[in-house]
Amino acid sequence: MGAVTDDEVIRKRLLIDGDGAGDDRRINLLVKSFIKWCNSGSQEEGYSQYQRMLSTLSQCEFSMGKTLLVYDMNLREMENYEKIYKEIECSIAGAHEKIAECKKQILQAKRIRKNRQEYDALAKVIQHHPDRHETLKELEALGKELEHLSHIKESVEDKLELRRKQFHVLLSTIHELQQTLENDEKLSEVEEAQETSMEVDPKP
């Protein structure tokens with residue numbers, strides 16, 4: 001997994017601190033403070049209620065700011081997930097193309113092996129014929145060709161093994177992304193349940 005970004009750190013802190021829960025209670029407290037301020041009998045009491053109203057307003061503004069920040073971060077995170085999903089789709093399509101190409105190379109390698117067996121059989125037949133200069137030259141050329149074909153076969157097998165490993169890594173990445181999305185969805189459900197619980201049973 002990659003390094004944790006600044007957005008993720010801030011998002012986790014905001015989720016720990018809360019995302020606006022208790023705003024109804026603050027508004028009710030603000031209304032009560034305003035009524036007390038209107039009905040204050042002395043300047044000292046009025047000033048005290050005025051300070052409480054300012055403090056409650058600051059808390060509401062801070063809570064609203066945190067909620068907006070979490071919302072913006074969620075939007076950016078969704079866009080990032082969509083980008084990663086598209087990249088994975090492209091990678092999968094590319095992997096399928098590479099696998100198809102590897103299959104073609106395997107068929108070619110099989111044909112090369114068959115030709116090599118035919119060349120070996122032909123060489124054995126030639127060995128039973130009288131030794132001639134041209135025959136030796138042909139055998140030498142066939143030997144070089146067989147060696148070249150053998151190198152091609154080994155290269156094709158190495159490429160196929162590499163593609164298999166790359167495809168395995170790609171599947172592992174997809175699994176990790178799916179697990180991350182599921183964890184985020186569970187976290188959102190827990191947060192919504194906590195918010196609903198706080199709205200139904202607000203603290204005094």
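These are my notebook entries on a predicted model of one protein.

**Entry 1: overall layout**
I began with the secondary structure. I found four helices and zero strands in the protein. Read from the N terminus, the elements run α-α-α-α.

**Entry 2: surface and interior**
I then turned to accessibility. The protein exposes about 16300 Å². Carbon and sulfur atoms supply 56% of that area. Buried residues make up 17% of the 204 residues.

**Entry 3: I174**
Is I174 buried or exposed? I174 has 16% relative accessibility, so I count I174 as buried; the cut-off for buried is under 20%. I also asked which residues I174 touches beyond its neighbours within four places in sequence. I noted I88 and I92 as its contacts there. E89 is 85 residues away from I174 in sequence. In space, their C-alpha atoms are 9.8 Å apart.

**Entry 4: a charged patch**
Last, I looked for charge on the surface. Which residues gather in a patch of negative charge? I listed E182, E185, E189 and E192. I followed up on E189, which lies in helix α4, residues 133-200. Its relative accessibility is 48%, so I put E189 down as partly exposed. Exposed would need over 50%.

Notes
Residues numbered from 1 in each chain as written. Predicted model: local features only at pLDDT ≥ 70, side-chain atom pairs only at ≥ 80, totals over all residues. Heavy atoms only, no water. Patch = residues over 30% accessible without salt bridge, like charges linked within 9 Å, V, L, I, M, F, W, Y side chains within 5 Å. Areas by Shrake-Rupley, 256 points an atom, 1.4 Å probe, with all protein chains shown as cover. Salt bridge = Lys/Arg side-chain N within 4 Å of Asp/Glu carboxyl O. Lys, Arg positive; Asp, Glu negative; His and termini not counted. Charge placed at Lys NZ, Arg CZ, Asp CG, Glu CD. Helix = DSSP H or I, 4+ residues; strand = E, 2+ residues; numbered from the N terminus. Buried < 20%, exposed > 50% of the residue type's maximum accessible area, 1.4 Å probe, protein only. Contact = heavy atoms within 4.5 Å.
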